[in-house]
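Here is a friendly briefing to read alongside the structure. Keep the 3D view open and look for each residue as it comes up.

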Amino acid sequence: MAFMGKKQIVAVDDSGINLKMLGKVLGTKYELHAFSAGMRALQFLKDRTPDLIILDIDMPEIDGYEMLERIKDMEHLRYTPVIFLTSNNDKTHVVKAVASGAKDYVVKPIDEDILKEKVKALIENELI
């Protein structure tokens, strides 16, 4: 389901600093719904279909891999692109992220220009 107006992004990260940075970088062009807890984000997503979901991998309540699995189990979110954010750039994590269904992988500290371009590519060049 497409929204009128700004494209919608849901971001989940247990770091308030990262959520603020995402708001600063993406909030002017997109409508950002930020969550510090995975379960709250999943509740929000039950009846919404954003244009993109950004997930931190390492979170205490539910990690990004489990969140992605639950998101992909929701019929209306099955094709919503997901970007993982993490401070871990180990090759095995990148491979696992992509194998899990993530469309991209951004390493923290986040380069604002790279993030903007990756988000733009996934949202505005969607093939659906």
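In this predicted model, the largest nonpolar core has 23 residues, and V12, L55, M67, I71 and F84 are those with the most contacts inside it. Two or more residues of this core come from each of β1, α2, β3, α3 and β4. A second, separate core has 18 residues, among them M21, L52, I83 and L115. In soluble globular proteins, nonpolar side chains tend to be buried together.

- Helix α3 covers residues 64-73, and its buried residues are G64, Y65, M67, L68, I71 and K72.
- Why do the buried residues of α3 line one face of the helix? Seen down the axis, they fall within an arc of 160 degrees, so they share one face.
- An α-helix has 3.6 residues a turn, so residues three or four places apart point the same way.
- On the face turned away from the buried side of α3, you can find the exposed residues E69 and D73.
- The buried residues of α3 are covered by parts that include β1 (8-12), α2 (38-45), β3 (52-56), β4 (82-86) and α4 (91-99).
- Which residue caps the N-terminal end of α3? It is D63, with a side-chain oxygen 3.1 Å from the backbone nitrogen of Y65.

**Aromatic pairs**

- A pair of aromatic rings is described by the distance of the centres and the angle of the planes.
- The count of aromatic pairs here comes to two.
- Because Y65 lies in helix α3 and F84 in strand β4, their pair ties together parts that are 19 residues apart in sequence.

- Is Y65 buried or exposed? With a relative accessible area of 10%, Y65 is buried, because buried means under 20%.
- K96 lies over the face of Y65, at 4.2 Å from the ring centre.
- F84 is buried too, with a relative accessible area of 0%.
- Leaving aside residues up to four places away in sequence, F84 touches L55, I57, G64, Y65, L68, A97, A102, D104, Y105 and V106.

**H33 in strand β2**

- H33 is part of strand β2, which spans residues 31-35.
- The relative accessibility of H33 is 18%, so H33 counts as buried.
- What does H33 touch? Its contacts are Q8, I9, V10, A11 and F44, not counting residues up to four places away in sequence.

**A cis peptide bond**

- Most residues other than glycine have a negative phi, and most peptide bonds are trans.
- Between K108 and P109, the peptide bond is cis, with omega at about 0 degrees.
- Look for P109 in the loop between β5 (104-107) and α5 (112-124).

- A99 is found in helix α4.
- With a relative accessible area of 67%, A99 is exposed, because exposed means over 50%.
- A99 and L55 are 44 residues apart along the chain, and their C-alpha atoms are separated by 15 Å.

Methods:
Residues numbered from 1 in each chain as written. Predicted model: local features only at pLDDT ≥ 70, side-chain atom pairs only at ≥ 80, totals over all residues. Heavy atoms only, no water. Buried < 20%, exposed > 50% of the residue type's maximum accessible area, 1.4 Å probe, protein only. Helix = DSSP H or I, 4+ residues; strand = E, 2+ residues; numbered from the N terminus. Arc of directions from axis to C-beta. Contact = heavy atoms within 4.5 Å. Polar contact = N/O pair within 3.5 Å; in protein donor to acceptor, adjacent residues only side chain to side chain. Core = buried A, V, L, I, M, F, W, Y, C linked by side-chain atoms within 4.5 Å. Phe/Tyr/Trp six-rings, centres within 6.5 Å; stacked < 30°, edge-to-face > 60°. Lys NZ or Arg CZ within 6 Å of the ring centre and 35° of its normal.
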